[in-house]
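Subject: Structure for your review

Dear colleague,

Please find below the structure that I am handing over to you, together with its sequence. My notes on what was found in it follow directly after.

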Amino acid sequence: MAQTFGGQMRLTLGDGTRLAIRGSFSIEDSGIKVESEKNLDRSMARIVSLKNYKMDVDLELPSTIGSDAVLSYEGDATVVEDHTGVMHLFSNGFFTGDPKTDRMKGVTTGLAFESVGYRKVAK
């Protein structure tokens with residue numbers, strides 16, 4: 001049987017604020033990055049570095065919440081995929097980026113949420 005993806009998704013911040021996701025939601029669900037480097041004896045070295053967990057998200061912001069307020073938020077964020085029952089829990093993070101709002105479509109792009117912790121909970 002095929003896996004199911006997409007459907008309705010809800011973003012809730014730790015302070016209770018709910019933001020509508022518009023069109024794009026992707027995650028970097030690994031806290032490490034691995035690169036390779038060639039040694040002079042032709043062997044390889046594996047370089048492991050730590051990185052933040054991250055979700056890139058396009059949002060439809062309510063008229064009462066501007067980009068400055070979103071970028072000022074620090075705390076937890078939860079995304080629930082209603083159709084699949086999967087929850088994405090980001091802990092101890094904040095928004096990053098250079099937001100741009102398309103007033104014709106009502107979508108704010110250029111935002112990411114980066115966090116210290118991440119956990120995916122499937123039903």
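Ser 115 has its place in strand S8 of this predicted model. Its relative accessible area is 2%, and Ser 115 is therefore buried, since the cut-off for that class is under 20%. A polar atom of the Ser 115 side chain lies 2.8 Å from the backbone oxygen of Gly 117. Across the sheet, the residue that stands opposite Ser 115 is Tyr 53.

Strand S8 covers residues 107-121, and its pairing with strand S5, residues 53-60, is antiparallel and extends over 6 bridges. In general, strands of a sheet are held in such pairs by backbone hydrogen bonds, in either the parallel or the antiparallel sense.

A second residue of strand S8 that deserves mention is Tyr 118. Tyr 118 also counts as buried, because its relative accessibility is 17% and the limit is under 20%. Between Tyr 118 and Glu 74 there are 15 Å in space, taken from C-alpha to C-alpha, and the two are 44 residues apart in sequence.

Strands S5 and S8 both belong to a closed barrel of 6 strands, which runs in the order S1-S2-S5-S8-S7-S6 with antiparallel pairing.

I turn now to strands S3 and S4. These two strands pair in the antiparallel sense, over 7 bridges. Within that pairing, Lys 38 stands opposite Met 44 of S4. The hairpin formed by S3 and S4 has 5 residues between the strands, and Arg 42 in this hairpin takes a positive phi near 80°.

Which residues make the nonpolar surface patch of about 380 Å²? They are Ile 32, Val 34, Val 48 and Leu 50. Strand S3, residues 32-38, and strand S4, residues 44-50, each supply at least two residues of this patch. Ile 32, one of the patch residues, lies in strand S3. Ile 32 counts as partly exposed because its relative accessibility is 41%, and that class lies between the limits of 20% and 50%.

To summarise, Ser 115 and Tyr 118 are buried residues of strand S8, whereas Ile 32 is partly exposed and contributes to the nonpolar patch.

With kind regards

Technical notes:
Residues are numbered from 1 along each chain as its sequence is written. This is a predicted model: local features need pLDDT of at least 70, side-chain atom pairs count only at pLDDT 80 or more; totals for chains, interfaces and linings use all residues. Side-chain values use heavy atoms; hydrogens and water are left out. Patches are made of residues with over 30% relative accessible area and no salt bridge: like charges are joined within 9 Å, nonpolar side chains (Val, Leu, Ile, Met, Phe, Trp, Tyr) within 5 Å. Accessible areas come from the Shrake-Rupley method with a 1.4 Å probe; for residues, only the protein chains shown count as cover. A salt bridge is a side-chain nitrogen of Lys or Arg within 4 Å of a carboxyl oxygen of Asp or Glu. Helices (H or I, at least four residues) and strands (E, at least two) are DSSP runs, numbered from the N terminus. Buried means under 20% relative accessible area, exposed over 50%, partly exposed in between (1.4 Å probe, protein chains only). Two strands pair if DSSP finds at least two bridges between them. A polar contact is a pair of N or O atoms within 3.5 Å; within protein, one must be able to donate a hydrogen and the other to accept it, and residues adjacent in sequence count only if both atoms are side-chain atoms.
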